[in-house]
Amino acid sequence: MHCPTCGEYGDLVLLKVKRTGAQVIACTECDSLWKTVDVTTLGEPLLDVADYLREHHLPPKWSELELLRRV
Ligand SMILES: [Zn+2]
């Protein structure tokens, strides 16, 4: 699915945060992040990937995330 924030450029992916096990959806292009695993309920992104990781006291890097699948 294309990212609603950056349009045609980004793909949304389901990710697992390696250290917490939490699953989130994020855009590989603009780093928008949604705290949901259901693409039908996406609203405006509240955070980006780095903000989300910092909020959980993790290094703000994509390497903290495991790519599960495209959504
Ligand atoms: Zn995007």
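Tutor: Start with strands: they are DSSP runs (E, at least two residues), as helices are (H or I, at least four), numbered from the N terminus. Two strands pair if DSSP finds at least two bridges between them. This is a predicted model, where local features need pLDDT of at least 70, side-chain atom pairs count only at pLDDT 80 or more, and totals for chains, interfaces and linings use all residues. Residues are numbered from 1 along each chain as its sequence is written.

Student: What makes E2 and E3 a pair?

Tutor: Strand E2 (residues 7-17) and strand E3 (residues 23-27) share 5 bridges and run antiparallel. Pairing takes at least two, so they qualify. Lys16 stands opposite Gln23 in E3. Their hairpin has 5 residues between the strands, and Gly21 there takes a positive phi near 80 degrees.

Student: How do you know that E3 pairs with E4?

Tutor: 2 bridges join E3 to E4 (residues 32-34), antiparallel. The cut-off is at least two, so they pair. Ile25 has Trp34 in E4 as its bridge partner. In this hairpin, with 4 residues between the strands, Asp31 has a positive phi near 65 degrees.
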